[in-house]
Amino acid sequence: MDSLLNPDRPPVFCPGCSHDRSVHTLDRALKEMGLKGSDVVIVSDIGCSGLFDTFFKTHAFHGLHGRALTYAAGIKLAQPHLKVIVTMGDGGLGIGGAHFLAACRRNLDISLLVLNNFNFGMTGGQFSCTTPEHASVASSFLNLLEKPFDVCNVAACAGAPFVARSSVYRKNLPELLAEAISFKGFAVVDLWGGCPARYMKKNPLSPKEIESAIEKLQPYQGVISTNIRREYSSHYREEAAKDTAGVDWQGIEKTFEPTVKERREVVFLGSAGQRVITGGGLLGRAAILAGMNVTQKNDYNITVMRGPSVTEVIVSPQAITYTEVGKPDVIVALSEEGVRKCWGLFQKMEKEGRVILAAGVEIPTTDAEVLEVNFKAGGIKKKERALAALSLLAQTGDPVTLEMLREAISQSFHGKRLEEARLVLEKAATIPV
Amino acid sequence: MSLLFIDGNQAVAMGAIHSGCRFFAAYPITPASNLLSAMLDTLPSAGGIALQGEDEIASIGYCLGASMAGMKVMTATSGPGLSLYSENISFAIAGEIPIVIVNIMRQGPSTGSATRGADGDVQFMRWGCSGGLPVIVLAPADVSDCFTLTVHAFNLAEQYRCPVIIASNKEIGMTSGTLDMERVEKPAVIDRTLHEAGPFLPFQVKIGEDVPPFLPIGGPILVRQTSSTHGPDGYITTNPSEIQAGVERLQRKIDSNMESFSYFDLEKREGARTLLVAYGITAGAARAAAAELSENQNIPVSLLVLKTLWPVSEQVLQAAAMGMERILVVEMNLGQYVQEIRRVICNQRVDFYGKMSGQLISPKEIIEEVTRG
Ligand code: SF4
């Protein structure tokens with residue numbers, strides 16, 4: 001196979017820069033693997049390592065600093081046949097730390113070459129996440145205060161199944177890179193080299209010194225057997241194929257005649273656990289069975305299992321333009337904290353309005369008719385209260401009837417949940433009010 | 001007859017599926033997280049990919065990669081996440097990467113209130129990234145718009161190779177409503193134009209055109225994408241005239257075609273001296289107010305509901321404002337889009353009413369504002 005180097009754009013690194021060697025080594029690896037340019041995409045980011053994609057006749061994606069792994073993931077998922085090679089410096093690795101950890105955990109078939117030269121070369125030799133504490137760099141004394149990051153240790157801890165550390169000067173590096181690129185999963189190669197223009201000015205670093213520094217560290221030579229697992233993209237497709245849930249483009253069919261001529265506003269004021277929002281949804285579905293328009297707006301605490309729970313349902317044979325309740329026709333008051341949240345609403349009600357009030361819950365004075373219900377005495381559990389109240393409302397036929405509610409329930413629930421809901425309706429019919 | 005009972009976010013998801021979107025990535029954030037759920041529920045079984053990114057920057061990054069690899073992509077967030085998208089949005093502008101970005105606005109500034117709506121990002125969506133080049137922003141007013149404008153958003157993103165932002169609001173995204181799929185407008189789906197024959201340069205436009213034909217990364221012909229200032233070949237350029245021509249083209253491709261995608265509803269009423277202007281969730285209250293004033297209080301009021309916020313359509317605004325004594329702009333913020341309207345309608349009285357308290361602006365408030373004069 002031919003070289004994949006771009007004859008029109010020869011590498012332009014500073015004399016003696018180890019990146020030059022990395023470019024040629026990567027090309028040898030690709031050549032040995034017999035890859036065509038269209039089989040490969042090089043994804044790079046910013047800095048001197050970000051020039052890599054321009055030197056190759058492959059697909060190329062050059063993006064924002066530190067984010068190369070994110071673009072690479074999108075490309076790999078969309079074009080699974082591609083060999084996706086990411087080049088990033090130690091600068092980009094530090095910026096995109098979260099993406100690095102995520103990539104190790106995720107295990108997409110991507111190869112990451114960290115072109116590690118211990119500083120931000122292009123911007124003037126500032127310290128990066130891999131700068132040794134003792135080095136003298138352009139960030140004053142700051143690197144003295146921080147511990148450098150061991151790329152391989154982090155990758156292995158985060159779950160990368162292939163991790164290798166090497167000097168760019170190593171003889172059999174093309175073979176190592178080819179092994180990383182052929183590996184079916186996320187492969188990280190921490191490639192140590194020198195930046196003569198910046199870092200090496202004050203911190204001489206010969207190939208020998210690089211070798212011996214690497215030898216002092218825990219060796220990483222490729223496969224981490226404890227991290228071996230399935231490649232994400234193929235696994236994703238396999239799981240997705242089991243997924244049969246489709247989109248409901250149809251919705252709820254009209255089987256009843258509309259029960260009201262004008263807009264009705266119904267508010268449920270309750271607490272988490274009373275299934276207030278489910279109750280509002282059932283009311284909505286029941287109204288839609290008569291072809292009416294419905295909106296439902298919910299308000300609950302971010303701690304979903306505690307605190308007030310409020311749902312506002314508007315039912316109207318006409319289009320609903322304004323989706324907030326102004327003057328409720330019905331308030332279902334199930335709990336103290338729900339009522340307190342919307343205290344002012346009761347004053348806005350007119351005398352035709354109705355309040356279904358759980359016994360013992362205090363409400364402000366209102367012109368509306370109040371129907372006090374002893375749910376407890378009727379054997380209605382907390383989680384059944386909203387539905388029980390709804391069935392009491394449906395007994396009046398406004399804005400939905402009991403038949404509509406029954407149908408909404410049987411369309412919404414199945415199995416045990418359906419039986420339970422039907423039972424609630426039966427119990428509600430006998431509650432002392 | 002049958003009706004769907006879905007919220008705005010679910011309608012956006014359906015619009016996306018209808019448009020051929022097969023890649024979605026987002027990071028959970030209220031009030032956009034149920035859009036993530038809707039896509040996770042529907043995309044895999046439709047043969048697509050839905051992902052939860054490790055953060056917002058990653059989520060939009062996944063989308064940009066997948067879009068360049070040929071897929072129709074979408075992401076969704078709210079103000080805090082949109083802030084993190086900024087750098088990648090300017091990349092999508094510069095690299096001409098089609099993407100639909102859904103911004104379900106919530107009360108700001110900053111973390112603000114996760115479960116309270118607002119329209120506080122209206123200028124931010126236009127000006128919130130480096131370089132200042134135009135973006136397209138569409139604002140749905142209800143569940144039905146969420147479907148239709150999502151289809152338009154994909155069409156525009158694909159046609160013009162650019163990011164398109166859907167400016168929704170917690171009050172639309174998380175409020176359920178009824179939708180008749182038979183009656184909802186379903187624009188014809190448009191795909192990006194592919195390069196057909198001859199030598200391919202990734203950013204080369206045909207003579208007389210402003211949008212470069214596309215080829216995916218991963219196909220037989222090599223494709224380059226870059227966030228750096230580039231010439232038609234996709235390599236860095238430092239040639240000032242090439243740079244200038246490039247940015248002018250990016251501006252021109254959006255601005256010179258904008259009238260074709262300036263969506264709006266105009267309710268013109270005979271004898272109206274006031275024009276109400278609203279968008280998004282406030283449009284519903286403005287509609288109710290205009291109807292009440294005109295039908296029951298003998299004060300005819302015209303109403304302009306804007307669905308394309310950016311680029312600003314001067315034609316639409318001027319035509320609607322013609323002959324009006326007063327233009328009243330109502331927004332769920334402290335006065336953002338009104339600045340654009342004052343810029344365009346400079347010889348007429350333009351008033352503003354708005355608030356950003358987490359509560360909707362009611363028809364009553366608008367009526368009071370109109371009758372105050
Ligand atoms: S600045 Fe350093 S890393 Fe960059 S090209 Fe020069 S020597 Fe190489």
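The model is a predicted one, in which local features need pLDDT of at least 70 and side-chain atom pairs count only at pLDDT 80 or more, while totals for chains, interfaces and linings use all residues. Residues are numbered from 1 along each chain as its sequence is written, chains are lettered from A and ligands numbered from 1 in the order in which they are written, and side-chain values use heavy atoms, with hydrogens and water left out. Chain A and chain B bury about 5,200 Å² between them, and strands of both chains take part in an open sheet of 8 strands and in another of 9 strands.

**The sheet of 8 strands**

- The strand order is E7(A)-E5(A)-E6(A)-E4(A)-E3(A)-E1(A)-E2(A)-E9(B), with mixed pairing; strands (E, at least two residues) and helices (H or I, at least four residues) are DSSP runs numbered from the N terminus, and two strands pair if DSSP finds at least two bridges between them.
- Strand E7 (221-223) of chain A and strand E9 (224-226) of chain B stand at the edges with a single partner strand each, so one side of each has no neighbour in the sheet.
- From one strand to the next the twist averages 15°.
- Within this sheet, strand E5 (residues 162-167) and strand E6 (residues 187-192) of chain A run parallel and are joined by 6 bridges, and A:Arg165 has A:Asp190 in E6(A) as its bridge partner.
- Helix H6 (residues 173-182) of chain A lies across strand E3 (83-89), strand E4 (110-116), E5, E6 and E7 of chain A and runs at about 160° to E5(A); angles run from 0 to 180 degrees between N-to-C directions, and axes are lines fitted to C-alpha atoms, for helices over the stretch in contact.

**The interface of chain A and chain B**

- The contact, meaning heavy atoms within 4.5 Å, takes 67 residues from chain A and 70 residues from chain B.
- Carbon and sulfur atoms give 60% of the buried area, which is the accessible area (1.4 Å probe) that two parts lose on being put together, summed over both.
- Between the two chains there are 5 salt bridges, each defined as a side-chain nitrogen of Lys or Arg within 4 Å of a carboxyl oxygen of Asp or Glu; in one salt bridge the side chain of B:Arg224 meets that of A:Asp53 at 2.9 Å, N to O.
- The elements that give two or more residues to the side of chain A that touches chain B include strand E2 (59-62), helix H2 (68-78) and strand E10 (293-300) of chain A, and E10(A) supplies the largest share, 8 residues.
- By class, that side of chain A divides into 26 nonpolar, 26 polar and 15 charged residues, where Ala, Val, Leu, Ile, Met, Phe, Trp, Tyr, Cys and Pro count as nonpolar, Asp, Glu, Lys and Arg as charged, and the others, Gly among them, as polar.

**The sheet of 9 strands**

- This open sheet, also of mixed pairing, has the order E8(A)-E1(B)-E8(B)-E10(A)-E11(A)-E9(A)-E12(A)-E13(A)-E14(A), and its edge strands, E8 and strand E14 (369-373) of chain A, each pair on one side only.
- E8(A) pairs with strand E1 (residues 2-7) of chain B in the antiparallel sense over 2 bridges, with A:Glu253 opposite B:Ser2.
- Strand E13 (residues 354-358) of chain A and E14(A) pair in the parallel sense over 5 bridges, and here A:Ile356 stands opposite A:Leu371.

**Helix packing in chain A**

- Helix H13 (residues 385-395) of chain A lies across strand E9 (264-271), strand E12 (330-333), E13 and E14 of chain A, at about 145° to E13(A).
- The axes of H13(A) and helix H14 (residues 402-412) of chain A come within 8 Å and cross at roughly 145°.
- Residues of H13(A) in this contact include A:Leu387 and A:Leu390, and those of H14(A) include A:Leu405 and A:Ile409; the contact has 6 nonpolar, 2 polar and no charged residues.

**Local features**

- A cis peptide bond with omega of about 5° joins B:Thr30 and B:Pro31, and B:Pro31 is found in the loop between strand E2 (21-26) and helix H2 (33-42) of chain B.
- Another cis peptide bond, with omega of about -5°, joins B:Trp310 and B:Pro311.
- A:Phe118, although not a glycine, has a positive phi of about 65°, and A:Phe118 is found in the loop between E4 and helix H5 (151-158) of chain A.
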